[in-house]
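I opened my notebook to go through this one piece by piece. Here is what I looked up, in the order I looked.

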Amino acid sequence: MEALELKVPPPIWAALFAAVVYGINLLDLGVDFSASGPGLGIGIAFVGVVVAVAGMTAFARVGTTVDPHDPTKTDALVVGGVYRRTRNPMYLGLALLLGGFAIALGDIAATIVGVGGFVTVVTRVQIQPEERLLGAQFGRAFEEYCEDTRRWF
């Protein structure tokens, strides 16, 4: 997995896992929860979009980059707004969007595999490398932020 670190943008990972979700749903494994209807999934997906946009907006306010390929281009440590609750609102937003899609399809297996896979892969190939670089760049301020704020939520 080390070869993939910071190489594939998280939205691409989300799209790949959306394809996995859809594929699992097509298998029709019989583990549905369609009683909730697609409305719940659509609502969760909407919340995901709001959370991701809030993260991007917070970066824009301080004029720092949202480019996931090179975290060393980050000019400021963003800790306010939505970043008080989660260190990764943009990735959390993608996970919620993906989860909303899977729930709208009504497939438990697709939801577990899709969201779980996305969170696992993005944590390993994106978030952990970012954290190492940001820790080196911002030192104790970043360490304190990590102590006070959860990685996902």
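Predicted model: local features only at pLDDT ≥ 70, side-chain atom pairs only at ≥ 80, totals over all residues.

**Entry 1: Val-113**

Leaving aside neighbours within four places in sequence, which residues is Val-113 in contact with? I found Phe-17, Val-20 and Ile-24; contact means heavy atoms within 4.5 Å. Val-113 sits in helix H4. Helices here are DSSP runs of H or I with at least four residues, and strands are E runs of at least two, numbered from the N terminus. I noted Val-113 as partly exposed, at 40% relative accessibility. The cut-offs are under 20% relative accessible area for buried and over 50% for exposed, with partly exposed in between (1.4 Å probe, protein chains only). I also looked up Val-113 against Pro-38: they are 75 residues apart along the chain, and their C-alpha atoms are separated by 19 Å.

**Entry 2: ground rules**

Residues are numbered from 1 along each chain as its sequence is written, and side-chain values use heavy atoms, with hydrogens and water left out.

**Entry 3: the largest pocket**

I went to the largest pocket next and wrote down a volume of about 520 Å³. Its lining has 28 residues, and Phe-59, Tyr-83, Met-90, Tyr-91 and Glu-130 are the closest to the centre. For the terms, I noted that a pocket is an open set of points on a 1 Å grid over the protein atoms alone, where a 1.4 Å probe fits, with protein on both sides within 12 Å along at least five of seven lines; lining residues have an atom within 4 Å of a point. Grid points are joined across faces, edges and corners, and the volume is the space filled by probe spheres set on them.

Which helices supply at least two residues each to this lining? I listed H1 (10-27), H2 (37-62), H3 (89-105), H4 (108-138) and H5 (140-148). H4 has the largest share, five residues. By class I noted 21 nonpolar, three polar and four charged residues in the lining. Nonpolar covers Ala, Val, Leu, Ile, Met, Phe, Trp, Tyr, Cys and Pro, charged covers Asp, Glu, Lys and Arg, and the others, Gly among them, are polar.

**Entry 4: the largest nonpolar core**

I looked up the largest nonpolar core and found 29 residues in it. Trp-13, Phe-17, Tyr-83, Tyr-91, Phe-118, Val-122 and Trp-152 have the most contacts inside this core. H1, H2, H3, H4 and H5 each bring at least two residues to it, and H4 gives the most, with eight. A core of this kind is a set of buried Ala, Val, Leu, Ile, Met, Phe, Trp, Tyr and Cys residues joined through side-chain atoms within 4.5 Å.

How many of the 17 residues of H3 are buried? I noted twelve, so H3 is mostly covered. Among them are Pro-89, Met-90, Tyr-91 and Leu-92. The cover over the buried residues of H3 includes H1, H2 and H4. From its first C-alpha to its last, H3 reaches 24 Å, close to the 24 Å expected at 1.5 Å a residue; the expected span is 1.5 Å times one less than the number of residues.

Just after H3, Gly-106 takes a positive phi of about 80°. In the loop between H2 and H3 I found Asn-88. Buried or exposed, for Asn-88? I noted Asn-88 as buried, because its relative accessible area is 7%. Beyond residues up to four places away in sequence, Asn-88 touches Ile-127, Glu-130 and Arg-151.

Leu-6 is not a glycine, yet has a positive phi of about 60°. I placed Leu-6 in the segment before H1, and it is buried, at 14% relative accessible area. Asp-28 also isn't a glycine, and its phi is positive, near 50°. Asp-28 belongs to the loop between H1 and H2 and is exposed, at 53%.
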